[in-house]
Amino acid sequence: LHMRRTVEQWTGISVSVGVAPTKTLAKAANHMAKINKRLSHCVKVLLSPEEQMQALRSIHINSLWGAGRAYAAKLVDMGITSAWDLRNMPAQWAYKNLGGVVGVRLIKELRGEPCINMKDPLVTKKMIATTRMFGAPVSCINDIKEAVATYTSRAAEKLRRQRSAANTVHVFIVPKEQHYADDFHHGPTSGTYTVLPAATSITHELIKPAVHLVDRLFEEGKSYKKAGVMLSGLVADTAIQGNLFMPPAPNRNRCLMDAVDNINFSMRGDVVKFAASGTRRNWKMRQELRSPRYTTRWEEMFEVK
């Protein structure tokens, strides 16, 4: 309860907490905490077998985490309507009718046997991508280059944040479909890549090849609705393979990038940016319906009258 109140006080976000011996039971406890907010104060603990039995009997199979819509409908047809009914099914039946090993794990979790481990977040990414839809269809190559340069800058920031460097730059653009079929489908994507002479995390060293790739992809007369940049072949920036035939470059560029990142992080809004990113950015994604950012923007703080 103290943890829930602390999160709400510090962030303004109301949360619910579920505690149980397994991840599936904890999800069930969290579900009950959300439903019975007044009785549980948004906190539900399922430790004893009696508490677990009572909770699982009250949860419909459609609301059980891990069941899925397709399997939930199948289970209802078989007469299994609650999480408690599923919990009492044998493991062999689950293996045959509930997706093999995954179904067996689900039933064991409902019985209080931990089978699904908590996963730590991926600290170092193997690929970094930045992609956005345009606010309106774009038919000018300069606008697409500005967008690609902006997305490359974003990706480079993420790259430096995890102390990595990339040796491959991928760029793709998606044309706008002129005639939509009855069933919506994504249009064909045009993409290409280039391998850099040496891995780097310096923004302008990544923008230059990315913008050149746009010249290969752009077709005159077409309108485009989306573009994206992906950086791959990531290595630690402390273990970049040097070039025997080139003089060692000074470390000033990295210091410059650190200064730019610090300014943009503290001031926000891309106060310092490369000219290739443009100034007007008419292609920028529309955000008219974006929720106010009460916790991160002074000018958007909630006002009480």
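**Salt bridges, core and surface of a predicted model**

Asp261 and Arg160 are both buried. Their side chains meet in a salt bridge, with N to O at 2.7 Å. The pair links distant parts of the chain: Asp261 sits in helix H11, Arg160 in helix H9, 101 residues apart. Keep in mind that this is a predicted model.

The structure holds seven salt bridges. Another of them joins Lys145 to Asp215, where the closest N and O atoms are 2.9 Å apart. Lys145 belongs to helix H9 and Asp215 to helix H10, so this contact ties together parts that are 70 residues apart in sequence. Asp215 has a relative accessible area of 40%, so the residue is partly exposed.

Asp258 and Arg254 both lie in H11, four residues apart, about one turn of the helix. Their side chains form a salt bridge at 3.2 Å, N to O.

Now turn to the nonpolar interior. In soluble globular proteins, nonpolar side chains tend to be buried together. Here the largest nonpolar core has 27 residues. Phe134, Ile144, Val148, Val169, Val171 and Leu231 touch the most other members. Which elements give two or more residues to this core? They are strand S3 (128-138), H9, strand S4 (164-175), helix H10 (203-217) and strand S6 (224-232). H9 gives the most, with seven residues.

Aromatic rings come next. The structure holds three aromatic pairs. One of them is Tyr151 with Trp283, an edge-to-face pair at 6.0 Å centre to centre, with 85° between the planes. This pair also links distant parts of the chain: Tyr151 is in helix H9 (residues 141-161), Trp283 is in the segment after H11, and 132 residues separate them. Tyr151 and Trp283 are buried. Phe218 and Tyr224 make another pair. Their ring centres are 5.6 Å apart and their planes meet at 40°, so the pair is tilted. Phe218 and Tyr224 are both buried as well.

Ile263, Met267, Val271 and Val272 make a nonpolar surface patch of about 330 Å². Val271 lies in the segment after helix H11 (252-267). Is Val271 buried, partly exposed or exposed? Its relative accessible area is 47%, so Val271 is partly exposed.

Last, the cysteines. How many disulfides are there? The count comes to zero, with a disulfide taken as a pair of cysteine sulfur atoms within 2.5 Å. Cys42 has a relative accessible area of 14%, so this cysteine is buried. Cys255 has 48%, so this one is partly exposed.

Definitions and conventions: Residues numbered from 1 in each chain as written. Predicted model: local features only at pLDDT ≥ 70, side-chain atom pairs only at ≥ 80, totals over all residues. Heavy atoms only, no water. Buried < 20%, exposed > 50% of the residue type's maximum accessible area, 1.4 Å probe, protein only. Patch = residues over 30% accessible without salt bridge, like charges linked within 9 Å, V, L, I, M, F, W, Y side chains within 5 Å. Areas by Shrake-Rupley, 256 points an atom, 1.4 Å probe, with all protein chains shown as cover. Salt bridge = Lys/Arg side-chain N within 4 Å of Asp/Glu carboxyl O. Phe/Tyr/Trp six-rings, centres within 6.5 Å; stacked < 30°, edge-to-face > 60°. Core = buried A, V, L, I, M, F, W, Y, C linked by side-chain atoms within 4.5 Å.
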